[in-house]
Each structure stands twice: as structure tokens, then as C-alpha cells.
Amino acid sequence: YDRKDCGCVKDKECAKCEVLSPCPKKILVECGTPGGMMMFTSTGQTFTAANVSVDTSCFCKPIIELEFTSQVSAVLDPTAGLDTLNNDVIQQDAEVVLLYELVCRRNGGSEITIGSWTFRRFLSGGLLEAAAIDITNFEAQDLETYDTFSFSKCICSAPCPGCVDYFVRVTATTVSQDTVLLTNNASATVSMGQLVVKVQDC
């Protein structure tokens, strides 16, 4: 047998063939742990949507690709909190904004944010002004949306043996409130978060 530079073995007795593709490289795929479900009803709430750990010790010059996906449902209700005792209630804008952050922690060290993405849904309250009891179902429109929110990140990492933890943190940066009763008129629920990491030598 002749052992080629790439570690492949070729039998001399076999028909001679020409290698047209590069030698195969090591590939590691790790599926992370989902973070469950979280309903955001106020600004500042946060939770971890998914996380994954990977050991890159066996790679010389690893290229790391991370893929994240989740389901997001949003409810926007500009007429939430209307006071039926008042005659000058104004329907107000409803908005929810979620910040997705991809965070890295190497060998149990400090956290480093390596990417961020924003999910936003908005529904204008328009110019509706009337007593709440006079607002018809047609006028008092609300909105429910269901989306798949996903992103990917490619990292050319410097050689550094050990474990690397990646996780996606979701924070509600905006959950609107009506100014009459100070109740939220928007919310969002994140679920089915999944983070997958693929590692390959460059």
C-alpha cells in the first residue's frame, strides 16, 4: 500500500485513478439543548433560548459555523387597557422588540457577545379616539403573528484547546404599554430554540 500525504490509502493492485477532490477533513457536528418557552410581557425580561458546547481540541485551524432557529409568536393589541369609564380614550401604538445575542464562553471564562440580531413587530394605533364602549370590533384591530426567526454565524477561530460554550440570549428591549392603565398592549413568545454547531479544519 502507498499512504498518501492526506492519510488516504491506495492499493497498488487497483486501477490507477486520479484524485480530483481534496482530501476529506474532520467534521464535528453538535446539536445543542433547547431553552424551553418564554413569554415576554415587559421590557427587560431575558432568557436563554438554546445552548451548545463543543470541544475544538482536535482541530488545528477550526472553522466554526453556528446555526440558530426558533419560533416567535407576537400579539399586538392597540386597544388593550381601554377604560370604559372615559370618553376620550385613544387607541395607541403596539410594539415588541426582541434582541437575540449569540454569546461565547471559552473554558468557563468570561462571556463574549459575537453577534446580535433584532426581531420587531409593530402595529399602529392610528387616529382612533372614542369611548371604549363605542369602538367596534372592526375598528379595534389587533394582530397576531407567527414567525420562524433564525440566523447563522461563521467564525474562523484561533487554535485554542478546550471546550467552548455557545448560547443565544433573548432580551425584550421594547414591550409597549398603554398610557391609560399602564398595561402592556403587546407580547411575544419564543419557543423551540435550537442551536447547532459545525466544526471543520480550514
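This is a predicted model: local features need pLDDT of at least 70, side-chain atom pairs count only at pLDDT 80 or more; totals for chains, interfaces and linings use all residues.

Five strands make up an open antiparallel sheet, running in the order 4-6-13-9-10. Strand 4 and strand 10 (111–123) sit at the edges, each pairing on one side only.

Strand 4 (residues 33–34) is joined to strand 6 (residues 46–55) by 2 bridges, in antiparallel fashion. Here T33 faces N51, and P34 stands opposite A50. On to the next pairing: strand 6 and strand 13 (residues 163–175) run antiparallel over 9 bridges, with D55 opposite C163.

The structure has 6 salt bridges. One of them pairs E95 with R120 at 2.6 Å, N to O. E95 belongs to strand 9 (residues 94–106) and R120 to strand 10, 25 residues apart. R120 is partly exposed, at 43% relative accessible area.

R105 and D165 also form a salt bridge, with their closest N and O atoms 3.8 Å apart. R105 is in strand 9 and D165 in strand 13, so this pair ties together parts that are 60 residues apart in sequence. D165 is buried at 18% relative accessible area, while R105 counts as partly exposed at 24%. Both residues belong to a salt-bridge network that also takes in E111 and R169.

## A link to strand 12

R121 bridges to D147, the closest N and O atoms being 3.0 Å apart. Because R121 lies in strand 10 and D147 in strand 12 (residues 143–156), the pair ties together parts 26 residues apart in sequence. R121 is partly exposed, at 24% relative accessibility.

Terms used: Residues are numbered from 1 along each chain as its sequence is written. Side-chain values use heavy atoms; hydrogens and water are left out. Two strands pair if DSSP finds at least two bridges between them. Helices (H or I, at least four residues) and strands (E, at least two) are DSSP runs, numbered from the N terminus. A salt bridge is a side-chain nitrogen of Lys or Arg within 4 Å of a carboxyl oxygen of Asp or Glu. Buried means under 20% relative accessible area, exposed over 50%, partly exposed in between (1.4 Å probe, protein chains only).
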